Amino acid sequence: MRIVFLGTPDFGVPSLEALIREGHEVVAAFTQPDRPKGRGKKMESCPVKVCALAHDIPVYQPVKIRQESVEDLKALAPDLCVTAAFGQILSQEILDIPRIGTVNVHSSLLPKYRGSSPINWAVICGETVTGVTTMMTDKGMDTGDILLQKEVEILPGETAGELTDRLAVIGADLLIETIRQLEKGICPRVPQDHEKMSYYPMLKKEMGLVDWQMDAHDIVCRIRGLSPWPGTYTFVKGEMLKIWQGMEEEATTGLPGDILEADSKKGLLVKAGKNAVRVHELQAQGGKRMKATDYLRGHPITVNACDKNEEMRHE
RNA sequence: CGCGGGGUAGAGCAGUUCGGUAGCUCGUCGGGCUCAUAACCCGGAGGUCGAGGGUUCAAGUCCCUCCCCCGCAA
């Protein structure tokens, strides 16, 4: 099968590798253009590009695929296009090019969690089950007909990053099975129940700012859901502190945001709306991530007595 | 050349302004106290101060070069 692969970040790599491993003829890979990244504004290739080049697959990096790549795609004459976290919207004109169609690997149980960050949102919303879906891409945002779907349990304490790694592999397997069934003409194809759809927006940096009015359970889900990017943070004495890991702990005293415990032995405990968040792992500006107890050894934080030291209260 | 913080004992930090015996908290090892401890007391071990070069009687500290880690921004 002549396949054109479209994907950008790590999530797409297992799918691309699976296609190659299965002996499909991957004739091209499309990814987002290289962008200045990291500290020194160095240009960096995305994971899918690196993978494609390693397998001698031609790489295309249009800024806007709809405008630049229609002729290229036609010339490639694919039987099938496969997308996995590509990052650009395909036009109908492009969707009409592949003989069979365009299959998208989406990391949620559609129609739930449409949008660009389904894994993060599933964790943020406190789900215990999510999954991957293969679908026939249509013009809408993750609205196409569902082909195959697989449920995956979200493990306790699992972060979005960890879950992404797992779903990427599971998604690759599902993709291979989907293509197998498409080739035989036995692949189911059912429209989404649009009544049950949910859509969540792209993640923004600001979403990582902890609102201590929220219940501890929700804050912990957010910490997990935004890890490793964009990360969760709060302010202590005017300095930003990233929170990498935390757990809910029962607490009835104090006001939201109060530091109930800050001890290099006991650790760091911050009051939330309901209950409190035990901060296990954090990271100060310029520092590396470390256990809260280690941090407190060298950075003593005063315990808020709830109604004094108002200026020390973090936001 | 995008902005910025940092590398000192196993861990987390202070010390660098203004050169002059390597410090703190914790851990660890040994001893003591206690019905008891994430408690307390006494004692010990453990450091090429990221690397190299330079200045100096003397460099963690001043000068030059390099390596590594991290936050912002994108």
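**Close-up views of a predicted model**

At 46% relative accessibility, Y199 counts as partly exposed, because this class lies between buried (under 20% relative accessible area) and exposed (over 50%), with a 1.4 Å probe and protein chains only. The structure is a predicted model, in which local features need pLDDT of at least 70 and side-chain atom pairs count only at pLDDT 80 or more, while totals for chains, interfaces and linings use all residues. Residues are numbered from 1 along each chain as its sequence is written, chains are lettered from A and ligands numbered from 1 in the order in which they are written, and side-chain values use heavy atoms, with hydrogens and water left out.

**View 1. Y199 belongs to a nonpolar surface patch.** I89, M141, M197 and Y199 make this patch of about 370 Å². Patch residues have over 30% relative accessible area and no salt bridge, and nonpolar side chains (Val, Leu, Ile, Met, Phe, Trp, Tyr) are joined within 5 Å, like charges within 9 Å. A salt bridge is a side-chain nitrogen of Lys or Arg within 4 Å of a carboxyl oxygen of Asp or Glu. Accessible areas come from the Shrake-Rupley method with a 1.4 Å probe; for residues, only the protein chains shown count as cover. Y199 is found in the loop between α7 (160–184) and α8 (216–225). Helices (H or I, at least four residues) and strands (E, at least two) are DSSP runs, numbered from the N terminus.

**View 2. Helix α8 is mostly covered.** Seven of its ten residues are buried, namely A216, I219, V220, C221, I223, R224 and G225. These buried residues pack against α6 (118–124), α7, β10 (232–236), β11 (239–249) and β14 (276–284), where contact means heavy atoms within 4.5 Å.

**View 3. Ring pairs link Y113, W121 and Y200 into a cluster.** Rings of Phe, Tyr and Trp (its six-membered ring) pair if their centres lie within 6.5 Å; planes under 30 degrees apart count as stacked, over 60 as edge-to-face and the rest as tilted. The whole structure holds four aromatic pairs. Y113 and Y200 are stacked, at 5.2 Å centre to centre with 20° between the planes. Y113 lies in the loop between β7 (101–106) and α6, and Y200 in the loop between α7 and α8, so the pair ties together parts 87 residues apart in sequence. W121 and Y200 are also stacked, at 4.9 Å and 25°. This pair links helix α6, which holds W121, to the loop of Y200, 79 residues apart. W121 is buried, with a relative accessible area of 10%.
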